[in-house]
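I opened the notebook today to look up a few things in this fold.

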Amino acid sequence: EDGLRRISEVLEPAAFEANQNVARAYLLAGFANRLLGEVQCTSTVDGGPEVQRTEHFNRADSLFSRAIAVGTASGRDEIVEAAYGGRASIRAWLGDWAGATADAQQVDPDFAYHLVYSTISGGVSNDLVFETNNRKEFTVLATIWETVTDDPRVPWEVVFDNAGQVAKGQDGETDFYRQLKYLTQDDDVALTKGTEMLVLRAEAALRGGDIGGMVTLLDAARDAYGMDPIPAVPATEAEAWELLRTERAATVWLEGRRLWDLHRWKQEGAPMADPYAADRDTCFPISDEERRVNPNLG
């Protein structure tokens with residue numbers, strides 16, 4: 001956002017409104033605010049007072065809308081499509097599921113827009129790969145995926161030591177099951193993608209009572225990964241929500257989106273709530289350091 005302010009002081013208004021870098025800046029600012037809204041319990045902006053996380057969602061909605069406008073004017077179709085994907089999620093989080101569905105329909109199932117990582121000098125590398133390859137800090141053991149071995153959205157492997165025993169993690173005690181979604185520190189992470197949009201639309205259908213429509217959309221998302229359709233339509237709303245939670249978790253695995261899903265469903269209660277989140281914190285408070293240096297925080 002500061003970059004946008006600086007660019008606006010350099011470019012004439014007409015040039016600003018049709019500049020490709022401006023479009024990209026609006027898009028990335030939108031994703032930054034989405035992330036803050038999804039992980040913070042409450043927040044603060046530029047040393048201001050404590051605000052609700054929805055402040056970031058509202059800012060993201062505006063930023064994505066600007067990315068669509070400037071991206072269209074500058075001919076950056078991929079930015080426009082990514083902004084529709086970002087805004088679709090934001091409108092869902094703000095309770096506008098009709099608006100979310102309309103935006104999600106603008107995103108092709110095969111589309112993806114990534115956060116770029118790189119090991120070149122000056123780049124930012126994918127640290128998760130370092131922590132799950134060079135080190136053994138994270139394991140798939142004891143997660144909902146530890147018995148799922150045939151889902152291309154959630155690839156992992158059991159690691160064995162030289163003696164043929166299951167290798168231990170960095171603590172020397174926990175069995176190490178290694179993620180295989182990201183294999184090098186140059187691997188990028190999706191910020192939005194068409195399959196997520198199909199699952200978002202599926203959730204909107206379920207919220208509207210259309211379990212069959214939910215399954216149809218989930219099957220379309222699975223097809224993009226070469227997976228078989230869901231064997232049977234859930235018989236109850238509770239079964240439908242369990243299926244939806246699992247499909248969304250698989251679709252956005254290791255993309256930094258899980259915490260918000262657990263939080264929002266927990267807040268809405270049964271049958272949406274994930275039992276895994278029952279006794280867990282699902283957001284981050286404002287840091288003690290921020291409270292020490294920000295006079296507007298109590």
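**Entry 1: H5 and H6.** I kept in mind that this is a predicted model. I began with helix H5, residues 77–93, and helix H6, residues 97–104, which pack at an angle of about 165° with their axes 7 Å apart. An angle over 145 degrees counts as roughly antiparallel, and H5 is therefore roughly antiparallel to H6. I also noted that the crossing of H5 and H6 is left-handed.

Next I looked up who makes the contact. H5 brings Tyr-84, Arg-87, Ala-88, Arg-91, Ala-92 and Trp-93, while H6 brings Trp-97, Gly-99, Ala-100, Asp-103 and Ala-104. Sorted by class, the contact of H5 with H6 has seven nonpolar, one polar and three charged residues.

**Entry 2: H8 and H9.** I then turned to helix H8, residues 194–207, and helix H9, residues 211–223; their axes come within 8 Å and cross at roughly 175°. H8 and H9 are therefore roughly antiparallel to each other.

On the H8 side I listed Thr-195, Leu-198, Val-199, Arg-201, Ala-202, Ala-205 and Leu-206. On the H9 side I listed Ile-211, Gly-213, Met-214, Leu-217, Leu-218, Ala-220 and Ala-221. The contact of H8 with H9 divides into 11 nonpolar, two polar and one charged residue.

**Entry 3: the buried face of H7.** Which residues are buried in helix H7, residues 127–134? I found Val-129, Glu-131 and Thr-132. Looking down the axis of H7, I saw that the buried residues fall within an arc of 165°, so they line one face of the helix. Strand S5, residues 177–179, is included in what covers the buried residues of H7.

**Entry 4: H11 and what follows.** In helix H11, residues 258–268, I marked Trp-260, Asp-261, Leu-262, His-263, Arg-264 and Trp-265 as buried. What do the buried residues of H11 pack against? My list has helix H3 (20–39), helix H4 (54–74), H5, H6, H8 and helix H10 (237–251).

Just after H11, Gly-269 takes a positive phi of about 80°. Pro-271 sits in the loop between H11 and helix H12, residues 288–293.

**Entry 5: positive phi without glycine.** I looked up two such residues. Ala-142 is not a glycine, yet has a positive phi of about 70°. Ala-142 lies in the loop between H7 and strand S4, residues 156–158, and is exposed, with a relative accessible area of 60%.

Leu-254 is not a glycine either, and has a positive phi of about 60°. I placed Leu-254 in the loop between H10 and H11. Is Leu-254 buried, partly exposed or exposed? At a relative accessible area of 31%, Leu-254 is partly exposed.

**Entry 6: Val-116.** My last stop was Val-116, in the loop between strand S3, residues 112–115, and H7. Val-116 is exposed, with a relative accessible area of 59%. Leaving out residues up to four places away in sequence, I found that Val-116 touches Val-124 and Asp-188. I also looked up Lys-193, which is 77 residues from Val-116 in sequence and 14 Å away in space, C-alpha to C-alpha.

Terms used
Residues numbered from 1 in each chain as written. Predicted model: local features only at pLDDT ≥ 70, side-chain atom pairs only at ≥ 80, totals over all residues. Heavy atoms only, no water. Axes fitted to C-alpha atoms, helices over the stretch in contact; angles between N-to-C directions. Helix = DSSP H or I, 4+ residues; strand = E, 2+ residues; numbered from the N terminus. Parallel < 35°, antiparallel > 145°, perpendicular 65-115°, else oblique. Left-handed = near helix turned anticlockwise from the far one by under 90°. Contact = heavy atoms within 4.5 Å. Nonpolar A, V, L, I, M, F, W, Y, C, P; charged D, E, K, R; others polar. Buried < 20%, exposed > 50% of the residue type's maximum accessible area, 1.4 Å probe, protein only. Arc of directions from axis to C-beta.
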